Amino acid sequence: MLIEFICNGKETRVDVPAEMRALDLIRNELLLTGTKCGCSKGECGSCTILVDGDPVCSCLLLAPKLQGKEITTIEYLERTNGELHPIQQAFIEEGAVQCGFCTPGMILSTKALLKKNSAPTVIEIEEGLSGNICRCTGYTKIIKAVQSAALKLQGAEK
Ligand code: FES
Ligand code: FES
């Protein structure tokens, strides 16, 4: 099936098998390997991408469903001048990245959360990241990173 969508700001046209997962299209065909595959069951959130701004588990999404959508992967957050996005900076500064496997999904879920709620409470952060599992950090540093990112983003482009 021929599908057309916007991927990281670029018009993208690909021919995909009807049964291909969006995750496999993104990693294996588009070579955007920042999107991770942890469980393939919609449980870990490591495969999170943004579809029209909302976090979605790409392991549960068929590639043809991307037709007409706008998707964002972690690769798109880096600024064109090579600087990291403020959310990425906050995760590093707060020590919220250990093995890093959950981090792309965590950061994209954080981006979606802060777009809707620029100053979330701890409970709102926990709810916003409830689809993303981290095996390393114990979450405390991730929550601090989200709070720090919220401050960094005040008045800046989200
Ligand atoms: S790989 Fe998709 S939720 Fe775990
Ligand atoms: S930093 Fe290792 S899974 Fe989160």
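The legends below describe views of a predicted model of one protein chain.

**Figure 1. Overall fold of the protein chain.** The protein chain contains 5 helices and 5 strands. In sequence order these elements follow the pattern β-β-α-β-β-β-α-α-α-α. The radius of gyration is 15 Å, close to the 15 Å given by the globule rule for 158 residues, so the protein chain is as compact as a globular protein of that length. Along the principal axes, the C-alpha atoms fill a box of roughly 45 × 30 × 25 Å. Of the 158 residues, 39% are buried. Among contacts between residues at least 6 apart in sequence, 61% join residues at least 24 apart.

**Figure 2. The two domains of the protein chain.** Domain 1 covers residues 2-75 and domain 2 covers residues 86-153. Their C-alpha centres lie 21 Å apart. Where the domains meet, domain 1 contributes 16 residues to the contact and domain 2 contributes 13 residues.

**Figure 3. The side of domain 1 that touches domain 2.** Two strands, β3 (48-51) and β4 (54-57), each supply at least two residues of this side. The largest share, 3 residues, comes from β3. By residue class, this side of domain 1 divides into 6 nonpolar, 8 polar and 2 charged residues.

**Figure 4. Helix α5, end to end.** Helix α5 runs over residues 140-153 and has 14 residues. At 1.5 Å a residue, α5 should span 20 Å; the C-alpha atoms at its ends are 20 Å apart, which agrees with that expectation.

Figure 5. I142, A145, V146, A149, A150 and L153 are the buried residues of α5. They cover an arc of only 140 degrees around the axis, which puts them on the same side of α5. An α-helix has 3.6 residues a turn, so residues three or four places apart point the same way. T140 and L151, on the other side of α5, are exposed.

**Figure 6. Packing of helix α5 against other helices.** The buried residues of α5, among them I142 and L153, pack against three helices: α2 (86-93), α3 (103-116) and α4 (122-128). For orientation, domain 2 spans residues 86-153, and α5 spans residues 140-153.

Terms used. Residues are numbered from 1 along each chain as its sequence is written. Chains are lettered from A and ligands numbered from 1 in the order in which they are written. This is a predicted model: local features need pLDDT of at least 70, side-chain atom pairs count only at pLDDT 80 or more; totals for chains, interfaces and linings use all residues. Domain bounds come from an automatic or database domain assignment. Two residues are in contact if their C-beta atoms, placed from the backbone, lie within 7 Å. Helices (H or I, at least four residues) and strands (E, at least two) are DSSP runs, numbered from the N terminus. Ala, Val, Leu, Ile, Met, Phe, Trp, Tyr, Cys and Pro count as nonpolar, Asp, Glu, Lys and Arg as charged, and the others, Gly among them, as polar. The expected span of a helix is 1.5 Å times one less than its number of residues. A residue is buried if 20 or more other C-beta atoms lie within 10 Å of its own, exposed if 12 or fewer, and partly exposed in between; C-beta atoms are placed from the backbone. The arc is that of the directions from the helix axis to the C-beta atoms. The radius of gyration is taken over C-alpha atoms; the globule rule is 2.2 Å times the number of residues to the power 0.38.
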